[in-house]
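The following exercises concern a single protein structure.

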Amino acid sequence: MFFLRIIKINGIIHLKDILNGQVTVINKEKDIENLMLYNGNIATTEMLRKIGIKDYEISRLTNNCIKRVGRGIYKCFFTNDEEINNLDYILAVVPKAIFCMKTALRFYKYIQEVEYEIAVPRSLAPSKRSVPNTDVRYYYIKDKFHEIGKTMVMLGNRIPIYDRERTIFDCFKRHTEFSYEELKSITEKYLADPEKNLEKLNEYVDLMSLSVAARKKMKAMGLPIRRISPQKK
């Protein structure tokens, strides 16, 4: 955990207060360094502005203190690319992203592959931004469903990710993206998971749109889904 000395009566304030715009900081190069250490070695233009760095100062410090790695995204000049957490990097580019599907499956140890897949509100679709040097798949979710099942986990920093039940729900909603063997393996590992919550999974099935075919497949795979009225495909 990093602290900065700031201009305030109490003397020392937690960095999150700076990012929330509650304080003014001094010693700008050191402030930038601490900000990036706090944020996975990545900072956006907006983050730099929040700690009092002006746009002209960002330009002056580029290739001296910081290095531009994407539109509005910077790292410390001497930071190796390997030191940048890809999850933090993706969130810097797409702040409303929630890690989902294969990224979540990997986190819960239901699959071995490492892939970056994110859920973003459908209303943001026109403003899709690519993530430099990282292959990311976007899923556009209805705004009213986007944050259902969102949880925060520690992966270096706090990372937004869908919980187990939302992840399983999404897998069956998009069951055509998986082979029978893949989906069966995922389901078996979920059912063997002591932290599964079948009641919550049923709540998600009731709450969000799911095709009849997908619900039948869930039952065929051994998931105890309640009998519910048919929904639109």
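**Exercise 1.** Which exposed residues does the face of helix 8 turned away from its buried side carry?

*Solution.* The model is predicted, so local features need pLDDT of at least 70 and side-chain atom pairs count only at pLDDT 80 or more, while totals for chains, interfaces and linings use all residues. Residues are numbered from 1 along each chain as its sequence is written, and side-chain values use heavy atoms, with hydrogens and water left out.

Step 1. Helices (H or I, at least four residues) and strands (E, at least two) are DSSP runs, numbered from the N terminus. Helix 8 covers residues 180-192. From first to last C-alpha, its 13 residues reach 18 Å, close to the expected 18 Å at 1.5 Å a residue; the expected span is 1.5 Å times one less than the number of residues.

Step 2. Buried means under 20% relative accessible area, exposed over 50%, and partly exposed in between (1.4 Å probe, protein chains only). The buried residues in helix 8 include L183, I186, T187 and Y190. Seen down the helix axis, the buried residues of helix 8 fall within an arc of 100 degrees, so they line one face; the arc is that of the directions from the helix axis to the C-beta atoms.

Step 3. The face turned away from this buried side carries the exposed residues E181 and A192.

**Exercise 2.** Describe how strand 9 and strand 10 are arranged.

*Solution.* Step 1. Two strands pair if DSSP finds at least two bridges between them. Strand 9 (residues 150-155) pairs with strand 10 in the antiparallel sense over 6 bridges; K150 has Y162 in strand 10 as its bridge partner.

Step 1. The two strands form a hairpin with 1 residue between them, and G156 in the turn has a positive phi of about 85 degrees.

Step 2. Strand 10 (residues 157-162) is mostly covered, with 5 of its 6 residues buried.

**Exercise 3.** Is M101 buried or exposed?

*Solution.* M101 is found in helix 6 (residues 101-107) and has a positive phi near 45 degrees. Its relative accessible area is 1%, so M101 is buried.
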